[in-house]
Amino acid sequence: MDSDHQIVSMVYEAKEDRNAADAFIGRYMGFIKSETAKFIHRIPQEGVDDELSIAMMAFYEAISGYDRSRGNFLSYAARNIHNRLIDFYRKEKRHSSNLSYHQLVSDDDNSHELVDEFADPRNVVDESTVRKVAASEIQEFGRQLALFSLTLSDVAENCPKQKRTLHGCHKALDYARQNPSLLNEFLLKRKVPVTELANGSGISKKTLERHRKYLAAILLALTNGYEIIRGHLYQIIPRKGGEPL
């Protein structure tokens, strides 16, 4: 098994050299298949399962988007694969909604409704798998928080209690989302750019300082692809008008 240092070196080489990228993907094909299998509950077949192609592209995207501030590469790549597969099923679901699920199709043995040939994307990942993925993501999120000298308990305790303060923090976070340089600065320095957020959003610096730990957690979730964590945070920090952050 390659060490974290070896993996990071290979990732950075792959960023600059397409041949190195192809070799790296080939070296970790077992990992890519494993992550795909977790999602579709069987071993994927090359040239047959679209999900494997999606996972390979997601792995390549992870190479392109990775830097050391994002933590363990394989954890980052696994999240990227998971997120892309979710997006794939959502798109498939929208596309299939244009068909009549109850039209009859025939094979050599019998006739059946088209709906029988489609797996409901909501059922592709069973509850047990969802719990395992959620637990894994929370553990990884906790490890990333530790790099900022934070714990999940710190974040919970620092969450704004008043609606006005919550929306103030959201406004600052929304400003950060619109200015990727601030997100990069946050990851590199491991420090919430409170002054820049206050100046850009018009929210009191004192308010943002008081909720620095909460802001750090949200910024981390926004930058590192934590699908489940973000989903939870979307529910607790609604945007004005009900649109999620």
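Buried means under 20% relative accessible area, exposed means over 50%, and partly exposed lies in between (1.4 Å probe, protein chains only). The model is predicted: local features need pLDDT of at least 70 and side-chain atom pairs count only at pLDDT 80 or more, while totals for chains, interfaces and linings use all residues. Residues are numbered from 1 along each chain as its sequence is written, and side-chain values use heavy atoms, with hydrogens and water left out.

**Exercise 1. Describe the salt bridge of Arg 18 and the exposure of its two partners.**

Step 1. A salt bridge is a side-chain nitrogen of Lys or Arg within 4 Å of a carboxyl oxygen of Asp or Glu. By this rule the count is seven salt bridges.

Step 2. Arg 18 pairs with Asp 22, and their closest N and O atoms are 3.4 Å apart.

Step 3. Both residues belong to helix H2 (residues 18–27), where a spacing of four residues separates them by about one helical turn. Helices (H or I, at least four residues) are DSSP runs, numbered from the N terminus.

Step 4. Arg 18 is exposed, with 55% relative accessibility. Asp 22 is partly exposed at 41%.

**Exercise 2. Trace the salt-bridge network that contains Arg 84.**

Step 1. Arg 84 and Glu 61 form a salt bridge with an N to O distance of 2.7 Å. Arg 84 lies in helix H5 (residues 73–96) and Glu 61 in helix H4 (residues 50–65), so this pair ties together parts that are 23 residues apart in sequence.

Step 2. Arg 84 also forms a salt bridge with Asp 87, the closest N and O atoms being 3.8 Å apart. Asp 87 and Arg 84 are three residues apart in helix H5, about one helical turn.

Step 3. Glu 61, Arg 84 and Asp 87 are therefore listed as one network of salt bridges.

Step 4. The relative accessibility is 32% for Glu 61, 31% for Arg 84 and 30% for Asp 87. Glu 61 is partly exposed, as are Arg 84 and Asp 87.

**Exercise 3. Which residues of helix H10 are buried, and what do they pack against?**

Step 1. In H10 (residues 180–189), the buried residues are Leu 182, Leu 183, Phe 186 and Leu 187. They cover an arc of only 135 degrees around the axis, which puts them on the same side of H10. The arc is taken over the directions from the helix axis to the C-beta atoms.

Step 2. Ser 181, Leu 188 and Lys 189 are exposed on the other side of H10.

Step 3. The buried residues pack against helix H9 (163–177), helix H11 (194–201) and helix H13 (212–223). Contact means heavy atoms within 4.5 Å.

Step 4. After H10 comes Arg 190, with a positive phi near 55 degrees.

**Exercise 4. Where is His 211, and is it buried or exposed?**

Step 1. His 211 sits in the loop between helix H12 (205–210) and H13.

Step 2. His 211 is buried, at 9% relative accessibility.

Step 3. Leaving aside neighbours within four places in sequence, His 211 is in contact with Asn 158, Cys 159, Pro 160, Thr 165 and Cys 169.

Note on methods: Helices (H or I, at least four residues) and strands (E, at least two) are DSSP runs, numbered from the N terminus.
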